[in-house]
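Please open the structure in your viewer and keep the sequence panel beside it. The tour below goes from one selection to the next and says what is found at each stop.

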Amino acid sequence: MQKKEIVLLTLIIFIAAALRFAYPTITSVGTDEAEFFERTQRMLETKEPILDGKSHEGNQFFGPFLFYLFAIPIALSGKYVSISMLYGLLGVVEIVLVYWWIKKLLNTRIALITGALLATSPWHNIYSRIP
């Protein structure tokens, strides 16, 4: 990697993180998200594993991995906003992975443009903040 490429990628990551981690408490909490948070808290308190991934409506299946993924930030802070921060972190990691993939597939210039567009995309920001 050249120095210019490293600086630009660092700037893209910084912008992406700033947009995703600014005001983390303004995320919406729906019934599914609240249920997942409560089930994960209950799993951490009782030490009973969650083996199903059904939602309260019963027509969606998320698998048990979602609850174990949520368990990491909930165990660290115990607050719902920590799940939103996890999604923001995953959104930033996604930008780095897309950059790497496009760089391998095409070239560095297009990868940097793709990373910048994804970092500043309103839709990607919204979905990187809402669990």
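In which helix is the place of alanine 75? Select alanine 75 and you will find it in helix 3, which covers residues 65-77; helices here are DSSP runs of H or I with at least four residues, strands are runs of E with at least two, and both are numbered from the N terminus. This is a predicted model, in which local features need pLDDT of at least 70 and side-chain atom pairs count only at pLDDT 80 or more, while totals for chains, interfaces and linings use all residues. Residues are numbered from 1 along each chain as its sequence is written, and side-chain values use heavy atoms, with hydrogens and water left out.

Stay with alanine 75, which counts as exposed at 55% relative accessibility; exposed means over 50% relative accessible area, buried under 20%, and partly exposed in between, with a 1.4 Å probe and protein chains only.

Zoom out to the whole protein chain, which has six helices and zero strands. Of its 131 residues, 36% are buried.

Next, select residues 81-105, which form helix 4. Helix 4 has 25 residues and reaches 36 Å from its first C-alpha to its last, close to the 36 Å expected at 1.5 Å a residue, where the expected span is 1.5 Å times one less than the number of residues. Among the buried residues of helix 4 are Gly88, Gly91, Val92 and Ile95.

To see where they meet (contact means heavy atoms within 4.5 Å), show the side chains of Ile95, Val98, Tyr99, Ile102 and Lys103 in helix 4, which face partners in helix 5 including Ile110, Ala111 and Leu118.

For the last stop, select asparagine 125, whose place is in helix 6, residues 122-127. Asparagine 125 is buried, with a relative accessible area of 11%. Leaving aside neighbours within four places in sequence, asparagine 125 is in contact with Leu19, Arg20, Ala119 and Thr120.

Terms used. Axes fitted to C-alpha atoms, helices over the stretch in contact; angles between N-to-C directions.
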